[in-house]
Amino acid sequence: MKQLFMVALYNFRTWKKNPRIFLSFSIAFIFCFLLSDKIVAFAEKYDTSMQILEPFIWTFGDSNSILLSSMILIFLFADMPFVTNATPFFLMRTTRKKWLLGQAIYILLATSVYMVFVMSATAFISMRKAFVGNVWSNTAVALGYSKAGEALAVPASVKAMGMSTPYGCAAIVFLLMLCYSLILVFLMLLFNLKFGQIGGVLAAFGFSIYGFLLNPQTIIGIFNIPDYEAYKVNVWVGWVSPLNHATFYMHNFGLDMLPRLWQSCLICIVLVLVCFIAALWVVRGYNFKFTGTGGK
């Protein structure tokens, strides 16, 4: 375990010398500001307060927001599989599989750090109109039980307010986003090892496009599906699309045939493990190329 965490720690040490890391988190903050600012403006307009995590819940309870935020990770992890001049020294002291396990730990921790940053950014942006109590605010009621939420394109789900508290709901939204992001990054790692960095980036974009196209409203509009058949489309898409597994309101809360929250998490974990096990197989024949070390 010490060797694995040494590999992961070294990757974190490279952050201070990598402007791409700063740029990735800056883009993420701007993205959170653009999505959360309309909610803050609504609260200011009607002089209402918000629970500090409500903007995070409303913003990332929507599949398009989850998709866009996860795509920033493509830029953050563009240099996978993180081969540096220090890699040959790690490989001399350990094995390829242990080195890749260290990379997996780094990916898990770095993705978690990114998600915590996104949650903190939405809280920071809204803090001037927010409180920390674990109760839903008047703003939540206004957005959830009126047309105001639809007008702002804010998925302030009544299910969320009826089934959980703000902190509990935010934890679920965070976990779903993390699971989806890990699928994206580990898929990118697998294709990076197999086909190079361009292959990894193309695989990540293809996975994102797959999630974007498998939108119930898009499918209903393209195929002109009548309203009485729309429910079947929602159920089908809810099961086959990882992006919809990461969307809070696309779940069964005891009333329908959509996946339950634990089922979505289990499916996401299985997909991550499949990608990583495949990466462990591929890394056995991976051709390491080092710059300035004279070896490969």
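User: How many cavities of 30 Å³ or more does the structure hold?

Analyst: Keep in mind that this is a predicted model. Taking 30 Å³ or more as the cut-off, the structure holds cavities numbering 2.

User: Which element gives the largest share of the lining of the second largest cavity?

Analyst: That cavity has a volume of about 40 Å³. Its lining includes Val-7, Tyr-10, Phe-82, Trp-99 and Gln-103. Two or more lining residues come from each of α1 (2–13), α5 (87–93) and α6 (96–126). The largest share is 3 residues, and it comes from α1.

User: How many charged residues are in that lining, going by class?

Analyst: Asn-11, Thr-84 and Thr-87 are among the lining residues, as are Ala-86 and Phe-90. By class, the lining of the second largest cavity splits into 6 nonpolar and 4 polar residues, and the charged count is no residues.

User: Where is the kink in α10 centred?

Analyst: Helix α10 covers residues 166–213, so 48 residues, and a straight helix would reach 70 Å at 1.5 Å a residue. Its end C-alpha atoms are only 30 Å apart, short of that. There's a kink of about 145 degrees in α10, and it is centred on Phe-195.

How values were computed: Residues numbered from 1 in each chain as written. Predicted model: local features only at pLDDT ≥ 70, side-chain atom pairs only at ≥ 80, totals over all residues. Heavy atoms only, no water. 1 Å grid on protein atoms, 1.4 Å probe; cavity = no way out; pocket = protein on both sides within 12 Å on 5 of 7 lines; lining within 4 Å. Points joined across faces, edges and corners; volume = space filled by probe spheres on them. Helix = DSSP H or I, 4+ residues; strand = E, 2+ residues; numbered from the N terminus. Nonpolar A, V, L, I, M, F, W, Y, C, P; charged D, E, K, R; others polar. Expected span 1.5 Å × (residues − 1). Bend = angle between axes of the 7 residues up to and from the residue.
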